[in-house]
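Please take a moment to look at the structure shown here, and then follow the explanation from one chain to the other.

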Amino acid sequence: MKYLTRVASLAYDPEKCVGCGRCAEVCPHGVFAIRDKKAAISDRDRCMECSACANNCAVAALSVDRGVGCAAALINSMISGGEPSCDCSAKNGSACC
Amino acid sequence: MAELKFIPGDSNKASSCCDSSGGPFLALPKGLPQGAPIRDIPAWSVGTHDSGAGSVLKVSTVLSAADKWEHIKCRISAFRNNYAVTPGLYAVGEPDAGADVFVSANYKLSFDHLRSALSKINAWVLVLDTKGINVWCAAGKGTFGSLELVKRITDVQLARVVKHRRIIVPQLGAPGIAAHVVLQETGFRVSYGPVRAGDIPAYIASGYTASENMRTITFPLIDRLILTPMEINPAMKKYYPWFALLILTVFGLQPSGIYFRDAWSGGFPFLILGLVSVFTGAFLTPLLLPFIPFRAFALKGWIAGILSVLVVSSMPGLRMPYAHILRAAAYLFFPLASSYIALQFTGSSTFTGMSGVKKELKLSIPLYIAGSASFVAMLIVYKLLEWKVV
């Protein structure tokens, strides 16, 4: 299953990449492939912006506008003005997911 | 039982005394006096095991009927909001200094998935304090994070428990973990294990490498089905009572008072269509997700919604014996309601990103507001016509 195309905020700077392969290891949607000892984005539209790749990139070659892909969280943040988070329905910081 | 003196270390509580590190009960919470009896030995523990840096609980790899019943409750109610295990180190089987270390969240459902995947394996399980939230969500929040992992590794003195320097972190924890930071801080190298705990034996068998299959998250029918009760629940609690109140008021209200018979008989088809919208948005759309055209959840929900409304409203007994304006209001409102509810399922799905959901919201929210306002306006016009005011 694929979601909307051409929206993902994933940015990649191949110049910085040292080819460690962590991004391909952590991505749960197979966005990356390692070619010639460098990471390559093979399927950008599958990116769900979880930022696992960016977080585990020791040389900061990857960046992503990280956030929850959850309508309820985003609507709540619009109403309350806060950051979108999963703490939507429950009290005392408990979460829905 | 009362003599037991171990506990998987919850060092959340601030350490008030200087800890005599190196004692036999290192895993003891620092706030508790040594030798304090443990009040609750979890039912899933099967004794204790010497970690080399203190005694830790040994856990069963078999889920009991009680565990399984709790898992069902997690899926259908707020039970899951308080379903946690104490963070710290646990033993599975008879682990020694060479055994693998698996990291988990302290949501008991996550912990249970892991321990049941480790039968016939001798391993250590390091449970992080994720406030009772599962690995993936906690990683998104950062509670399943580098900081907490580093702190736990230090607290349980993992460097004394095992002689190797590798920990296996579930791949879905990666959004919260920076492997290079953990290595720098603790000397432990993070290996990301498979997405599903069930693949761990195969992951070990293939020399600690995960196939592409093990690395990829899917969203099969069964997973979508399991998640639907928690979609139906809030929709029925949050929206439906208000909707029902509005409908019953509109149909029951007369200049001379409220007529309950009119409210019920007139409102009945609308109340049913309201239920149909919830069912379509919260159950049918998630279930049929890959088969409904278009990628936007709002659009999928609308398509499923208009089809359901057309089918249900053509059933004998449910035909709307209404004025044209009410029929128009129904065809306008109910598919939109289904669309809105289906859009909420983005939060449960495994492949929607924030930018995409934002885009959907930007386009759909004005439509939901306009649609709902028009719906109410049409109901008011209908009442005015009925009362021959206009």
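The paragraphs below turn to chain A and then to a pair of helices in chain B.

This is a predicted model, in which local features need pLDDT of at least 70 and side-chain atom pairs count only at pLDDT 80 or more, while totals for chains, interfaces and linings use all residues. Residues are numbered from 1 along each chain as its sequence is written, chains are lettered from A and ligands numbered from 1 in the order in which they are written, and side-chain values use heavy atoms, with hydrogens and water left out.

Chain A contains three helices and four strands, where helices (H or I, at least four residues) and strands (E, at least two) are DSSP runs numbered from the N terminus. Read from the N terminus on, these elements follow the order β-α-β-β-α-β-α. Of the 97 residues in chain A, 43% are buried, meaning under 20% relative accessible area with a 1.4 Å probe, counting protein chains only.

In chain B, helix α12 (residues 297-313) and helix α13 (residues 324-344) have axes that come within 7 Å and cross at roughly 135 degrees; axes are lines fitted to C-alpha atoms, for helices over the stretch in contact, and angles run from 0 to 180 degrees between N-to-C directions. That angle makes α12(B) oblique to α13(B), because angles under 35 degrees count as roughly parallel, over 145 as roughly antiparallel, 65 to 115 as roughly perpendicular and the rest as oblique. Among the residues that make the contact (heavy atoms within 4.5 Å) are Trp302(B) and Ile306(B) of α12(B), together with Phe334(B) and Leu343(B) of α13(B).

Conventions: Buried < 20%, exposed > 50% of the residue type's maximum accessible area, 1.4 Å probe, protein only.
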